[in-house]
Amino acid sequence: MNPQLSGDMSLVRAVVDALPNPLIVIDSSEHIQLANAAAENYFQVSSNILLRHKLSDVVPFSSPVFGAVAQARAISGVVNEYSVAVGTPRLGGERLVDVQAAVMGDEQGHVIVMLLERSMALKIDRQLTSRGAARSVSGMASMLAHEIKNPLAGIRGAAQLLEPGLGTEDRVLSRLICEETDRIRDLVDQMEVFSDERPVEKRPVNIHAVLERVKRLVTAGTPPGVSVREDYDPSLPPVHGNKDQLVQVFLNLAKNATEAIQQGGEAGEILLTTAFRPGIRLSLPGSSERTTLPLEVCIHDTGPGVPEELRPNIFDPFVTTKPGGKGLGLALVAKIVRDHGGIVECVGRERGVTFRVLLPMLRGTETPRDFEGDPSA
C-alpha cells in the first residue's frame with residue numbers, strides 16, 4: 001500500500017474517532033462498514049462486533065432512523081431528523097437524539113448516520129417546563145387565596161360558635177370541621193408562596209456554607225442507618241442568590257432523599273456534591289442575554305429512586321411519589337431555582353436518584369463585603 005495513502009487513512013480514522021457524536025457508515029444492504037469510538041460507547045460494543053451486524057441489529061426496524069436513511073438515498077443528499085427516540089435492543093429503553101443521514105458521493109449506496117444526543121436541549125426543555133409549572137401554580141394560588149380563605153374563616157368561626165351548645169358527639173363533629181378548615185387553610189398558605197413574583201433579593205453566597213447548614217439540619221433529624229457525607233469542589237466561586245431560599249431548596253431535596261431511603265427500608269447514604277461545569281449557557285426569558293450556569297450542586301441518594309415515567313413531570317405541582325404527599329415541595333424548588341436563573345433536573349442512577357441544580361456564578365459587579373457565608377466553609 002502506498003505509504004502516503006496509508007497515512008491519509010490513519011488520519012481519517014483518527015478524525016472520525018475524535019468526533020464526540022456516534023457515527024456509523026452503512027452500505028446498500030444496511031451492513032455497518034465503519035463505527036467510530038463514540039458509536040462504540042453509545043451501543044456499548046466494540047467496532048469489530050458492530051461491523052459484523054446490520055443497522056437493524058442495533059436499531060429497531062421501526063425506528064425513524066431508517067426513514068432518514070431512505071430519504072437521504074432518494075434525494076442523494078443530507079436529511080436531518082430532530083428529537084427522535086432511538087431504541088437500542090442491546091441496552092433497552094430509548095434515547096432522544098437528532099439524526100443526520102448523508103449519502104457518500106463516491107460509494108454507491110453508502111450512507112453516513114450520525115446521532116446527536118440532546119442532553120443540553122433536554123436541560124433547557126426541563127427548565128422551561130419548570131418555569132411553566134411554577135407560573136401555573138402562581139395563578140392558581142392567587143385565585144385560591146382570595147376565593148377560599150375568607151369563606152374558610154367564616155366556616156371555622158361558625159363551628160366554634162356552635163360548639164358550646166352541642167352535645168358530646170356533635171362537639172366532636174364541630175372540632176372536625178375546625179381541623180379540616182385549618183388543613184385546607186395551611187394548604188392554601190403553602191400555595192400562596194407561588195404567587196410571590198417579587199424580585200429575589202440576591203447577594204454573593206458561599207454555596208458550601210448553605211450546604212453545611214443543610215447537612216447539620218438533616219443530620220440532626222436523620223434516623224439510624226442513613227449517613228450524610230459531602231464531596232465539594234473547594235475552588236467554586238460564590239453564587240449570586242438568596243441564602244435563605246437556597247437553604248430551602250437543598251433542605252427540601254435532602255429531606256426528600258432521607259424519606260426515600262426510609263421508604264426503601266434499607267440503610268442508605270445521602271451525598272452532597274459540588275463541581276464547576278463550564279460551557280453550559282442558557283437564554284434568559286424575555287431577554288436576548290445569555291448566562292452561564294457553571295455551578296453544579298447535586299443531592300444523590302441510594303433510595304428506591306423515582307419511576308422513569310414520572311421524572312419528566314416530577315417538578316409539576318401535585319406530582320409526588322410520597323404516600324399522602326401534596327406534590328408542592330419540588331414545584332417550590334423549581335420556582336426558587338427558576339427565580340435564581342438556574343436549572344433543576346432529576347436524573348436516575350443505578351441505585352437511587354440524583355437531583356442536579358445548575359446555578360449562575362457571581363458576576364464581577366459585586367464587592368467582597370457583600371459576601372454571605374464563610375469562604376472557608
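## Helix 10

Helices here are DSSP runs of H or I with at least four residues, numbered from the N terminus. In this predicted model, helix 10 is followed by Gly341, and the phi of Gly341 is positive, near 75 degrees.

The buried residues in helix 10 are Leu330, Ala331, Leu332, Val333, Ala334, Lys335, Ile336, Val337, Arg338 and Asp339. Among them are the charged residues Lys335, Arg338 and Asp339.

## Helix 9

Helix 9 runs over residues 243–264 and has 22 residues. From its first C-alpha to its last, helix 9 reaches 32 Å, close to the 32 Å expected at 1.5 Å a residue.

Both ends of helix 9 have a neighbouring residue to look at. At the start of helix 9, Asn242 has a side-chain oxygen that comes to within 3.2 Å of the backbone nitrogen of Asp244. After helix 9 comes Gly265, with a positive phi near 80 degrees.

## Asn36

Asn36 sits in the loop between strand 2 (32–35) and helix 2 (37–43). Its relative accessible area is 0%; buried means under 20%, so Asn36 counts as buried.

The side chain of Asn36 has polar contacts with backbone atoms of two residues. A polar atom of this side chain lies 3.0 Å from the backbone oxygen of Asn21, and the Asn36 side chain also reaches the backbone nitrogen of Leu23 at 3.0 Å. Leaving aside residues up to four places away in sequence, Asn36 touches Arg13, Val16, Asp17, Leu19, Asn21, Pro22 and Leu23.

Definitions and conventions:
Residues numbered from 1 in each chain as written. Predicted model: local features only at pLDDT ≥ 70, side-chain atom pairs only at ≥ 80, totals over all residues. Heavy atoms only, no water. Buried < 20%, exposed > 50% of the residue type's maximum accessible area, 1.4 Å probe, protein only. Helix = DSSP H or I, 4+ residues; strand = E, 2+ residues; numbered from the N terminus. Expected span 1.5 Å × (residues − 1). Polar contact = N/O pair within 3.5 Å; in protein donor to acceptor, adjacent residues only side chain to side chain. Contact = heavy atoms within 4.5 Å.
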